[in-house]
Amino acid sequence: MSEALIVIDYSYDFAAPDGKLTAGAPAQAIQDALAAKIDLFYSASTPIFFMMDLHHENDPYHPETALFPPHNIEGTKGRELYGRVKEKYGEIKGAQNVFFIDKRRYSAFAGTNLAQLLNEREIDTVVLTGLVTDICIMHTAVDAYNAGYKIVVPSTCVASFNPDGHKVALDHFKNSMGAVVEE
Ligand code: ZN
């Protein structure tokens, strides 16, 4: 088994108390566990992919423009990593197997070179962390499942603004995708 750690959308806008589309306290509550997970995987020389939502102001072509307030706008503080995860990234950025990759849809696979980078490294298992459990983590998990990856979701390293959606998503990962959902 060869793993990669995928850290999805842990931005200021999605996590900070005054973020533009914040998941609130549950998002802030995972920062220590997520930073510890990054540390653990980095120490083991596991590839780490920070996948980050990218928007441009008033983009009429992006489907999220009609669905959500503006968030994760290019070049703004809102699009930077948040809290302990930002600190941790500052310590490891530039290392050979640490990547920061823009994404423009919910799934970390949609329109990105993530699959190619995973294939080159013969990764068969993706460890999905970040925000939010029932949207971007869910869409990434669906694509990972359909592409044949094994999936691990540490439940202490994902969060949502929607407690019911969070629980349904974790159940779905486990029961319908055969994912290992760690307590
Ligand atoms: Zn977005």
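Q: In which loop is V132 found?

A: V132 is in the loop between β4 (125-131) and α6; helices (H or I, at least four residues) and strands (E, at least two) are DSSP runs, numbered from the N terminus. This is a predicted model, in which local features need pLDDT of at least 70 and side-chain atom pairs count only at pLDDT 80 or more, while totals for chains, interfaces and linings use all residues. Residues are numbered from 1 along each chain as its sequence is written, and side-chain values use heavy atoms, with hydrogens and water left out.

Q: What kind of peptide bond joins L131 and V132?

A: The bond between L131 and V132 is cis, with omega about -25°.

Q: What is phi of D9, and where is the place of D9?

A: Phi of D9 is near 55°, a positive value in a residue other than glycine. D9 lies in the loop between β1 and α1.

Q: How is a pair of aromatic rings described?

A: By the distance of the centres and the angle of the planes. Rings of Phe, Tyr and Trp (its six-membered ring) pair if their centres lie within 6.5 Å; planes under 30 degrees apart are stacked, over 60 edge-to-face, the rest tilted. The whole structure holds six aromatic pairs. In one of them, the ring centres of Y10 and Y82 are 6.1 Å apart and the planes are at 50°, so the pair is tilted. This pair links distant parts of the chain, 72 residues apart: Y10 is in the loop between β1 (3-8) and α1 (12-15), and Y82 in the loop between β2 (48-53) and α4 (83-92).

Q: At what angle do the axes of α6 and α7 cross?

A: The axes of α6 (residues 133-146) and α7 (residues 163-177) cross at roughly 10° and come within 10 Å. The angle makes α6 roughly parallel to α7 (under 35 degrees). In α6, residues including I137, A141 and Y145 meet residues of α7, among them A169, L170 and F173 (heavy atoms within 4.5 Å).

Key:
Axes are lines fitted to C-alpha atoms, for helices over the stretch in contact, and angles run from 0 to 180 degrees between N-to-C directions. Angles under 35 degrees count as roughly parallel, over 145 as roughly antiparallel, 65 to 115 as roughly perpendicular and the rest as oblique.
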